[in-house]
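Me: I would like to work through a protein model slowly, with questions about its helices and a few of its residues. Could you show it first?

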Amino acid sequence: MTVSLERRTALVTGASSGLGIEFARELAARGAVLILAARSEAPMQALASELRAAGATVHVRCVDLADAVAREAFAAQLERDGLTVDVLVNNAGFGVFGPFADTEWERLDAMLAVDVVALTHLTRLFVPAMRSRGFGRVLQVASTGAFQPTPTYAAYAAAKSYVLQLSHALDVELRGTGVRCTVVSPGVTATQFFAVAGQRPTWYQRLTRMQASTVARQGVAAMLGGRSGIITGWANAVMAHATRLMPRGLSARVAGVLMRN
Ligand SMILES: NC(=O)c1ccc[n+]([C@@H]2O[C@H](COP(=O)([O-])OP(=O)(O)OC[C@H]3O[C@@H](n4cnc5c(N)ncnc54)[C@H](OP(=O)(O)O)[C@@H]3O)[C@@H](O)[C@H]2O)c1
């Protein structure tokens, strides 16, 4: 059964770009009140204007999710503003490309802060109140990188494995409470991801690239349809499941070949 989002409030992190913009469009089209959160204000204001013109109520919040103090302040301000988060889309994130030993620690540190710690912190901040109210939906954004060790994205793929495992375990813990946790694992998607990560997409990545709007539509449909997880795109699903059947060392070598230009 698909859940209605009329008058529900949805927080979308990373709503200034790529998938976050498309998640916000999907949720607004289903009647949700939107809270857009990221560091860059201008693209979120532009998105807010677009969604308001279509009749949505939208709030814009600038926050650096890598900062624990800022995350606490952000959640406290939402409470003071009377905004109750019914749907949490933990989408903000980025990758660091390159051989692990050559990557800058400061970038890895910031990546783990956003992709792992902020996602976990926001989930912990909002889920207890959802459970008390007897309703909530959490959509966590992992990656097909979560399914196998991935040379040149070693720490990023490991971080997304964490997101995958956390989310499935949490969904089981929450059964019967009215709160569900869905994890969406996109493959290569046309966003700013590769520019931010510092990678020129490989032939394999160009071949399997999906549109962000398609990925967001499938992720939101999975969340509202009560699924615990979805890998977007059939080719991505086949690859992710096939790698699970291989010895881990072999799947790491295969991923390493597919990452090569
Ligand atoms: N595109 C792909 O191929 C792909 C594949 C699998 C998974 N994913 C995942 O999809 C999610 C969305 O990425 P995308 O592809 O849409 O990339 P994107 O276009 O680069 O968007 C990333 C978003 O994350 C936000 N963000 C990054 N650091 C932040 C911080 N410290 N505080 C607050 N917000 C922050 C950015 O906002 P500001 O810079 O304005 O803060 C931006 O809105 C990520 O979790 C990514 O790992 C992407």
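Predicted model: local features only at pLDDT ≥ 70, side-chain atom pairs only at ≥ 80, totals over all residues.

Me: How many of the 12 residues of H1 are buried?
Reply: Helices are DSSP runs of H or I with at least four residues, strands are runs of E with at least two, and both are numbered from the N terminus. A residue is buried if 20 or more other C-beta atoms, placed from the backbone, lie within 10 Å of its own, exposed if 12 or fewer do, and partly exposed in between. Among the buried residues of H1 are Leu-19, Ile-21 and Phe-23. H1 is largely enclosed by the rest of the structure, because the number of its 12 residues that are buried is 10.

Me: Is Thr-152 buried or exposed?
Reply: Thr-152 is found in the loop between strand S5 (136–141) and H5, and its phi is near 75°, a positive value in a residue other than glycine. Since Thr-152 has 21 C-beta neighbours inside 10 Å, it counts as buried.

Me: Is Arg-7 buried or exposed?
Reply: Arg-7 lies in the segment before strand S1 (9–13), and it has a positive phi of about 65° although it is not a glycine. With 10 other C-beta atoms within 10 Å, Arg-7 is exposed.

Me: Are H4 and H5 roughly parallel or roughly antiparallel?
Reply: Helix H4 (residues 105–133) and helix H5 (residues 154–173) have axes 10 Å apart, packed at an angle of about 5°. Axes are lines fitted to C-alpha atoms, for helices over the stretch in contact, and angles run from 0 to 180 degrees between N-to-C directions. Angles under 35 degrees count as roughly parallel, over 145 as roughly antiparallel, 65 to 115 as roughly perpendicular and the rest as oblique. The angle therefore makes H4 and H5 roughly parallel.

Me: Which residues of H3 make the contact with H4?
Reply: The axes of helix H3 (residues 68–80) and H4 cross at roughly 30° and come within 11 Å. Two residues are in contact if their C-beta atoms, placed from the backbone, lie within 7 Å. On the H4 side the contact is made by Ala-118, His-121, Leu-122 and Leu-125, and on the H3 side by Ala-68, Arg-71 and Ala-75.

Notes
Residues numbered from 1 in each chain as written.
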